[in-house]
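Hi everyone, thanks for coming. Let me put the structure up on the screen, and then I'll walk you through it piece by piece.

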Amino acid sequence: MSTYLGMPTLPVYGQGNLNAVESFPTAARRELKNEQLRANLGHATHTIRDKRLRVVGELPDWEDLRDAGSAVKESVMARLPELLEQFEANFTARGGVIHWARNADEANEIVRDLIRAEGVDEVVKVKSMATQEIGLNEYLEEQGIAAYETDLAELIVQLDHDKPSHILVPAIHKNRTQVRDIFLREMPEVDPNLTNEPAKLAEAARAHLRRKFLSAKVAISGANFAIADAGTLAVVESEGNGRMCLTLPETLITVMGVEKLLPTWQDLEVFMQLLPRSSTGERMNPYTSLWTGVTEGDGPQNVHLVLVDNGRSAALADEMGRSALHCIRCSACMNVCPVYERTGGHAYGSTYPGPIGAILSPMMTGIKSEENNSLPYASSLCGACYDACPVKINIPEILVHLRSVDVESKRGTRKVPTQMDLLMKGASWAFSRGRNLGLLEKGLPLGKLAAGRKRKITKLPGIAAGWTQSRDIPAPPAQSFRDWWAKEHEGSAAAGTAAQGEKRS
Amino acid sequence: MSSAREEILERLRGALKDAPAVPDVPRNYRTGVDAPEEERISVLVDRLEDYKAGVTVVDEAGVAPRVAELLREASSYVVPQGIEEAWLAEADAAKPNRRRNDSRQAPLSVADLDATSAVVTGSAVSVAETGTIILDGSEGQGRRAISLIPDHHVCVVRAGDITMILPEALRRLDGTRPLTWISGPSATSDIELERVEGVHGPRTLDVIIVRS
């Protein structure tokens, strides 16, 4: 470890599809009205939860694997610059080419130039969160390059001109009948009698993409892991679309965040046990491909890797929150989240939804970006995400940390104190002395008056309205507990002690 | 390009100016499970069947008839350089002119492979607990494309190459070879998270396990 001697620098935040463009409560309110969405999500998340629990329960050493995974990722973050250089040396030595991209724009331009250098105007893509994050498909389309998504769920979303709502199953918000309707509408060659059986739908996708796979010159992928001591990349998938993209084209361009490293080949044994069971609830996913640079006579002969920062260095700089970068994108946290289950992924705005997105997005963009400061509040802090996380990211703790970052960020910027500032000041005054609280309690009958004959307060003013949005406050009593106590015990020792205590304070 | 590289590395070093400690990795998980061959075979069979793969367990002499049986309907099949010739003897004899040979030096085209109905390969190592067969592209396993494009993959696994759990298997592999891990036929869970077998990869996977 070398000690950092450079100038202190401000964090450089990421750009692209990382923002909630409207506040989470606003977006959630709209999404919650979509009953079909809620039914689809409820069904899907409960299916996957049960599967995950079953296969996780099979392993006697699941908690040991989580401990190892967490420690491996912590050491990756602590040694990130040196591991990147080691990976680069090994990958390059075997004929791979590495490109570095400071942000989304730079990554998109690099990919475009690499595609143009091959003289093609279409590419096949295997599902990748990094390319969603940087908005690669939209960018390539503007540049006259068609990017065909080949993962079934990504294909559904792309054909429907929709956005992904889940990092593993981007079309989780669609049910089988909706998928059938999209295929009938958007696939010209499809059998008009196509049923909504998932097996038939998968077959239609196979026929639709087959020619594309067999003729593609350039493929774009993400990567699940990059092994520093071997220079190896790994893609974990199910359908074989990944193998098609990684094996058949002449040119392969992989886009990956800088945090995805594992130090050693041995570490893969931990992560390939954690990831499949946590994500699809399978003992192992159907296909995993690993490649190290170029293999002569087997697979792509032009192998590129674009390493993307785009706000990861900013997230790394947050000592309290940097473990968010341990994420291996399994999606277990969203599958168990009571908030995600009801609102779905679109409410979070960012490419990364759910509990992990609620911490990762604002850390990568900075808390002040768009409406991202609303994301850390998109949680009841129940902690189910922490329990499910295969690398033990303490999401609730980071959520609370980011809430404080949000409050702090507002403090300096406004001359006029916010409602929250005033409320907190008021509370600090009220609770500092018994006498102050007593004075405030004299106002209780007013509350009773406000509650009216229904004996309920249904709407509070200002920021307190958030509290009454989904609950009523029962009418306050005519007197406070302290008043009642004092009257009940008038002249007795207890009251005397209370009074003495007050004098002393 | 180098300026982006330097700048990113500089940003990352700056982000770590608190010099966080590098923790020791506690490896208290299982790194090996001793089990007799019969047990390793039976667990692997159970897992593969769960994935809807076809599995048969045979002695060395039983491979050739089983391969021939599985390829009975195939109009053509591809085999990689270095494949055990004895395994193919019966299939080759049953119907002539079905066999196509592939190697890195003389590869079949993608179109040829697409017109080929089956592929027969060996395998490097398998993991019983997860039902995973790993191909590393060496002799008898071939280029990655040949076990991908034909719709029917017949894969021969030697019992001696089966480990109980994943860490044992990875120790037997060279990570820098092109590796393909196969756990059943291609599948998707993308519609309502229900697993459906058969998408872009081979829709039929038949595994022949050979007892030592």
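Before we start, one term: a crossing of two helices is called left-handed if the near helix is turned anticlockwise from the far one by less than a right angle, and right-handed if it is turned clockwise. Please also keep in mind that this is a predicted model.

With that term in hand, look at chain A. Helix α3(A), residues 62-78, passes helix α12(A), residues 268-279, in a left-handed crossing. The two axes come within 9 Å and cross at roughly 115°. Which residues meet there? From α3(A) we have Leu65(A), Arg66(A), Ala68(A), Gly69(A) and Val72(A), and facing them from α12(A) are Val270(A), Phe271(A), Gln273(A) and Leu274(A). By class, that contact splits into 6 nonpolar, 2 polar and 1 charged.

Staying in chain A, let's turn to a sheet. Six strands make an open sheet with parallel pairing, in the order β1-β10-β7-β4-β2-β3. At the edges sit β1(A), residues 97-101, and β3(A), residues 146-149, each pairing on one side only. From one strand to the next, the twist averages 25°. To pick out one pair, β7(A), residues 251-257, runs parallel to β10(A) over 7 bridges, and Val255(A) has Val306(A) in β10(A) as its bridge partner. Lying across β1, β2, β4, β7 and β10 of chain A is helix α5(A), residues 104-117, at about 170° to β10(A).

Most residues other than glycine have a negative phi. Asn310(A), in the loop between β10 and α13 of chain A, has a positive phi of about 45° although it is not a glycine. Is Asn310(A) buried or exposed? With 27 other C-beta atoms within 10 Å, Asn310(A) is buried, because the cut-off for that is 20 or more. Glu192(B) has 19 other C-beta atoms within 10 Å and is partly exposed.

Now for the two chains together. The contact takes 84 residues from chain A and 66 from chain B. On the chain B side, α1, α5, α6, β9 and β10 each supply at least two residues, and the largest share, 11 residues, comes from α1(B). That side of chain B has 31 nonpolar, 18 polar and 17 charged residues.

Which strands join across the boundary? β9(A), residues 287-291, and β9(B) run antiparallel, joined by 4 bridges, with Tyr287(A) standing opposite Ile182(B). At the chain B end, β5(B) and β8(B) pair in the parallel sense over 2 bridges, and Val127(B) has Thr163(B) as its bridge partner.

Thanks, everyone, that's my tour!

How values were computed
Residues are numbered from 1 along each chain as its sequence is written. Chains are lettered from A and ligands numbered from 1 in the order in which they are written. This is a predicted model: local features need pLDDT of at least 70, side-chain atom pairs count only at pLDDT 80 or more; totals for chains, interfaces and linings use all residues. Two residues are in contact if their C-beta atoms, placed from the backbone, lie within 7 Å. Ala, Val, Leu, Ile, Met, Phe, Trp, Tyr, Cys and Pro count as nonpolar, Asp, Glu, Lys and Arg as charged, and the others, Gly among them, as polar. Two strands pair if DSSP finds at least two bridges between them. Axes are lines fitted to C-alpha atoms, for helices over the stretch in contact, and angles run from 0 to 180 degrees between N-to-C directions. A residue is buried if 20 or more other C-beta atoms lie within 10 Å of its own, exposed if 12 or fewer, and partly exposed in between; C-beta atoms are placed from the backbone.
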